[in-house]
Amino acid sequence: MPTDSAARTQGGGASVLARVTLGYAALAVALTWPLARGLARDLPGDLGDPLLNCWILAWDADHLLRALSGHLSALAEYWNANIYYPHPLALAYSDHLTMQAVQILPVWALTHNPVLCYNLLFLSTFVLSGLGMFLFTRELTGNRYAAFLAGLAYAFAPYRIGSIPHLQVLSSAWMPFAFFGFRRFFDTRRTRPLVGASGAWLAQNLSCSYYLIFFSPVLGFYLAWELTTRRLWRDARTAARVAVAAAAVVLATLPFVLPYVKLRHLGFTARSLGETDHFSADVYAYLTADPNLRLWGGVIDAWPKAENALFPGLTIFALAAIAIIAAWRQARARHVAGRVETALGWGVAAASVVLVAILFGWTVRLPFLKITNLDRVLWFVGGLSVALMAVSARARATVRAWKSSPAGILALLTLFAVVMSFGPHIYSRGKLIEETNLYAVFYRFVPGFDGLRVPARFGMIVALGLASLVACGAVAIGRLRHGRRMLILAALLVIVESAAVPLPLNGNSTDYKQSGLARLPDFVTTGNDVPPVYRFVATLPSSASLVELPFGEVAFEVRYMFYSTAHWHRLANGYSGGAPDEYGLLAESLKDALRRPEPAWRALVASGVTHAIVHEAGYADGRGGQVSNWLRAHGAREIASFGDDRVFALP
C-alpha cells in the first residue's frame, strides 16, 4: 500500500481528486435517496428549519446579486430582513448563511428556486466534507486509501443524520480544509496554502455561528501544537505569518459579528444556563443514535432527548481507538519500568476506569470504599498522573512523544470536544453528576459562548477529530496482512452504519401550540406555482407591510417567510433562533382575536402593518371566515381573494 511520498506522487493529480469527489458525490446521492428525484420540490427532513434556511439563502442571494449589479443599497438592507416588522437586524436572529449564499449565487440567478438551491447546498455539504477530510488526512498520513476512508467517516458521520434539518450544522466542510491548508503551510512554508487555510477558516466562520465559536479555539490549539512540535515559536517569520493570517480572518469575520452585538444591545439577552443545559449532551448521548439510522436507530437508544444523538458509529470509534493505541505503542519508551512506576501506571489506569464509570452514572463499591464523586476521582487521577510524571523519565518521554504525534493531538482535541459537548454542567441519564464543566468557563469568559444554546453541536467537532483519527487507524491496519481487504470492509461498515435510506422528506408536523388550526399541505411550491395570493401581493407598493393570519404558529410562520421570497414585502410574522418581545405579545393578542376582538385589533394597529392576509383554510371549524369578519368589522377593506385566501387593506 503506497504511503508517504509515494502516495503523494500517485495521488496528487487532478484525476485522483476528481475520482474521489465523484465517489463522495455518488454516495451522497445514494445515501440521501430519494431526495435526488425531487431536487426542485422536496426538502430533506421537515418543513420547519429547512424552510427558514431557504428563506435566508434567498434573502442573501437576492441582495448579493443586486449589490453585484450595482445597487449597493442592497448591502445596507442586508441585515434588516423582511420578518419581525418593524424590528431591525432580523437576519441576525439566526445564522446569516452568507458563505452558503455565495455558493448558490449562480443557481439562484438562473432559477430563483430556493428549494433547488437548498438541496444542492445540502448535497454539497457531504461531498465537500469528504473531500476536505481526504485532503487533510492524505497530507497527514501520505496514504490516499486511509484518507478516503477518513473522508467517508466525516462526510457520512452518524451525527450528520441527526442534523439533517439544520443546514448550518451540516456546513462543516471548511474545517478539514483549514487543517489541510495550515498543515501544508507548515510542511512547505509557502504562502498559497496559508492563504487557502485562512480562506477556509473564514468560509467556516461565515457558514455557521456555532463553528465560528466552537472551531476557532480548536484550530488555535492545533496551530499551537504545530508550532510547538516543529519548534517554530522562535522562528519569527513563520510565527508572524501565522499571526497575520489569523488577524486577517478575525478582521474579515468582524463585520458579520457586529450585527449580533448590536442585537444584544437592543435587548436580545444571553442564553440562560437552564436553556443551555437543556440542549447540552448527556453523557449517554454517545450511546444514543438518531432514530433515522437504519442499523442503529432504535437500538442504540440510551437517552433520547433534543440534540442528544451523538453516537459516533462503532467502526469509526474502533478505528480511532486503534489509531490512539498504535500511536501510544509507538511513543512508548523502551527501557524497563521500575516497581514504583509500574504501580503508579496501573493506578492511573484503574482510576481512569473508575472515572469513566462515574461519568456513566455508576457507583463504584469497594469492600472499604464507596465512590460516587466525580471531582474526587478527577483529583485522584490527576494526582497519580503528576506523581507518575515526577518519578518516571520513561513516562515523561512516552507522553511527550505521544502528544507530539498527529494521533495524540487529534485525540486530545476530540476529548476536548466531548467534554465541551456536555455543556456548563455534566448530566448522566438526566442526573447531575458535575456542578461545573469546562464549558462553563468558556460561557463566562469567552465572548460568544453565552449566545449559543446548543453545546451538543460540539458533536461535529468530535466527528472531525474521530474521522481524522480514522485515517491514522487505517494506516495501522493497512500494514497488516490482508490490510487492504480490512479497509474495504471498514469502508462498507461506515456506509452501512450511516445509512438512513430512504431519507425522510417534507415532514409536516401538526403538533401545534395553538388550538383550532388546520393541517397544512405536505409540500411547498415555487416559481409560477406559488399560491396566487403571493403573486398579487408582489404587485402591492413597496411600502406595503403585511401580517398573515393565523399568526404565531411556527409551521405557518415558516411558510409565510418562504413564500415572501416571491414578493419581499415586510412581514410582522417571523420565525428564527429568537424573536423580539413585541412579536410574542402580538402573537398572544391575535390568537385571542375572536374572544377578545378589541385588544387584538389595538395590537394589530400598533404593529404598523398596512395589509392583512387571512388564510381561512388554516383555521379549523370555519373559524377563518370569522377572522375575516373581525377585520371587516373594524374597517378593513377586502381588496382581493383567491379561494380561501383573502387580502385586506387596513385603515
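## Salt bridges

The structure holds 16 salt bridges, a salt bridge being a side-chain nitrogen of Lys or Arg within 4 Å of a carboxyl oxygen of Asp or Glu. The model is a predicted one, in which local features need pLDDT of at least 70 and side-chain atom pairs count only at pLDDT 80 or more, while totals for chains, interfaces and linings use all residues. Residues are numbered from 1 along each chain as its sequence is written, and side-chain values use heavy atoms, with hydrogens and water left out.

One of the salt bridges joins Asp 592 to Arg 595, with the closest N and O atoms 2.7 Å apart. Residues are called buried under 20% relative accessible area, exposed over 50%, and partly exposed in between (1.4 Å probe, protein chains only). Asp 592 counts as buried because its relative accessibility is 14%, whereas Arg 595 is exposed at 64%. Asp 42 pairs with Arg 41, their closest N and O atoms being 3.7 Å apart; Asp 42 is buried, with a relative accessible area of 12%. Glu 638 and Arg 646 also meet in a salt bridge, at 2.9 Å from N to O, and Glu 638 is partly exposed at 29%.

## Aromatic pairs and charges over rings

A pair of aromatic rings is described by the distance of the centres and the angle of the planes. Rings of Phe, Tyr and Trp (its six-membered ring) pair if their centres lie within 6.5 Å; planes under 30 degrees apart count as stacked, over 60 as edge-to-face and the rest as tilted. By this rule the count comes to 38 aromatic pairs. Among them is the edge-to-face pair of Phe 416 and Phe 458, with 6.1 Å between the centres and 90 degrees between the planes. This pair links distant parts of the chain, 42 residues apart: Phe 416 belongs to helix H20 (residues 406-421), and Phe 458 to the loop between H21 and helix H22 (459-478). Helices (H or I, at least four residues) and strands (E, at least two) are DSSP runs, numbered from the N terminus. Phe 416 is buried at 12% relative accessibility, and Phe 458 is buried at 0%. Both residues belong to one aromatic cluster, together with Tyr 210, Phe 214, Phe 221, Tyr 439, Phe 442 and Phe 449.

A charge sits over a ring if NZ of Lys or CZ of Arg is within 6 Å of the ring centre and within 35 degrees of the ring normal. Arg 160 lies over the face of Phe 126, at 4.4 Å from the ring centre. Arg 453 takes such a place over Phe 279, at 4.8 Å from the ring centre.

## Strands and sheet

Two strands pair if DSSP finds at least two bridges between them. An open sheet of mixed pairing is formed by five strands in the order E6-E5-E7-E9-E8. Strand E6 (570-571) and strand E8 (637-642) stand at the edges, each with a single partner strand, so one side of each is left without a neighbour in the sheet. E6 runs parallel to strand E5 (residues 545-549), to which two bridges join it. Leu 571 in E6 is the bridge partner of Leu 546.

Elsewhere, strand E3 (residues 426-428) and strand E4 (residues 431-434) run antiparallel and are joined by three bridges. Ser 428 stands opposite Lys 431 in E4. Two residues lie between the strands of this hairpin, in which Arg 429 takes a positive phi near 55 degrees.

## Backbone features in loops

Which peptide bond joins Tyr 85 and Pro 86? The bond is cis, with omega about 10 degrees, and Pro 86 is found in the loop between helix H4 (73-76) and helix H5 (98-111). A cis peptide bond also runs from Val 501 to Pro 502, with omega near -5 degrees. Pro 502 has its place in the loop between helix H23 (483-498) and helix H24 (532-537).

His 112 has a positive phi, near 50 degrees, in a residue other than glycine. His 112 lies in the loop between H5 and helix H6 (114-141) and is partly exposed at 43% relative accessible area. Arg 231, which is not a glycine either, has a positive phi of about 55 degrees. The loop between helix H12 (209-229) and helix H13 (236-253) holds Arg 231, which counts as exposed at 75% relative accessibility.
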